Every structure is written in structure tokens, then in C-alpha cells.
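Trainee: Could you walk me through this one before I start on my notes?
Mentor: Gladly, let us open it and take your questions in turn.

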Amino acid sequence: MNMSDLMKQAQQFQEKLAAVQNDLGNQQVVGSAGAGMITVTMNGKGELLGLVIEQALVQPDNTQMLQDLFVAAVNDGIAKAKELGKSEMTRLTGGLNIPGLV
């Protein structure tokens, strides 16, 4: 393989990587906590898009539990977004573990 072919392959890979990263911004995951009493919607980049809190949790004496469940739901959403990203990158790289991509 000559240098020109190698550069073309690198450029194609870079274009595919950019497309996957863009696509992750359009995909959504849902994280939840408290048996679904709090749900968050995030995109594949880990950005928070939406939040739903069941009315029963919204009580003045319940703020600490509400805060804890919110954090748990966001962390669940982030974990799912990371897994989605890892899955998409694995498809792109054909299973090769390339440091810094995932």
C-alpha cells in the first residue's frame, strides 16, 4: 500500500467518524431513577434534552430525595449515551479498540 492510498483511507475514516459523531447528536437515550418516577432524555453526545418528574415527588419535604433521584437519572442517561457512542464507534472501527475514540 502506498502513501497516497493510506492518506485516502485516513480521510475516509475521518469523514465516517464525523458522520457518526453527528449522528450521535440526533439519537436519543432515556435514563431513569426511582422506578421511572424521574426520566431524562439525552442525545448520544450526553447532552440533556428533557426531564420528566412525577408529580408525587414534588413536595417541599422531599427535596433531598428529588435531588438524589435527579442525579441518578442523569447518571443513568450519561451511561446509556456512552454505551451508544461506544457501540457506534465499534461499528465504525470493526471492533478495533482505537484509544481516544471511545
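**Salt bridges and sheet**

Mentor: To begin, Arg91 counts as exposed, with a relative accessibility of 61%, and please keep in mind that this is a predicted model.

Trainee: Which residue does Arg91 form a salt bridge with?

Mentor: The partner is Glu88, with the closest N and O atoms 2.8 Å apart, and Glu88 counts as buried at 10% relative accessibility. Arg91 and Glu88 are 3 residues apart in helix 2, so about one helical turn separates them.

Trainee: How many salt bridges does the structure hold?

Mentor: There are 2 in the structure, and one of them joins the side chains of Asp76 and Lys80 at 3.4 Å, N to O. Asp76 and Lys80 lie 4 residues apart in helix 2, which means a separation of about one helical turn.

Trainee: And how exposed are Asp76 and Lys80?

Mentor: Asp76 is partly exposed, having a relative accessible area of 24%, and Lys80 also counts as partly exposed, at 36% relative accessibility.

Trainee: Switching to the sheet, what is the strand order?

Mentor: The 3 strands form an open sheet in the order 1-2-3, with antiparallel pairing. Strand 1 (28-33) and strand 3 (48-53) are at the edges with a single partner strand each, so one side of each has no neighbour in the sheet.

Trainee: What joins strand 1 to strand 2?

Mentor: Strand 1 and strand 2 (residues 38-43) run antiparallel and are joined by 6 bridges; Val29, for instance, has Met42 in strand 2 as its bridge partner.

Trainee: Where does helix 2 lie?

Mentor: Helix 2 (residues 63-93) lies across strand 1, strand 2 and strand 3, and runs at about 145 degrees to strand 1.

Notes
Residues are numbered from 1 along each chain as its sequence is written. This is a predicted model: local features need pLDDT of at least 70, side-chain atom pairs count only at pLDDT 80 or more; totals for chains, interfaces and linings use all residues. Side-chain values use heavy atoms; hydrogens and water are left out. Two strands pair if DSSP finds at least two bridges between them. Helices (H or I, at least four residues) and strands (E, at least two) are DSSP runs, numbered from the N terminus. Contact means heavy atoms within 4.5 Å. Axes are lines fitted to C-alpha atoms, for helices over the stretch in contact, and angles run from 0 to 180 degrees between N-to-C directions. A salt bridge is a side-chain nitrogen of Lys or Arg within 4 Å of a carboxyl oxygen of Asp or Glu. Buried means under 20% relative accessible area, exposed over 50%, partly exposed in between (1.4 Å probe, protein chains only).
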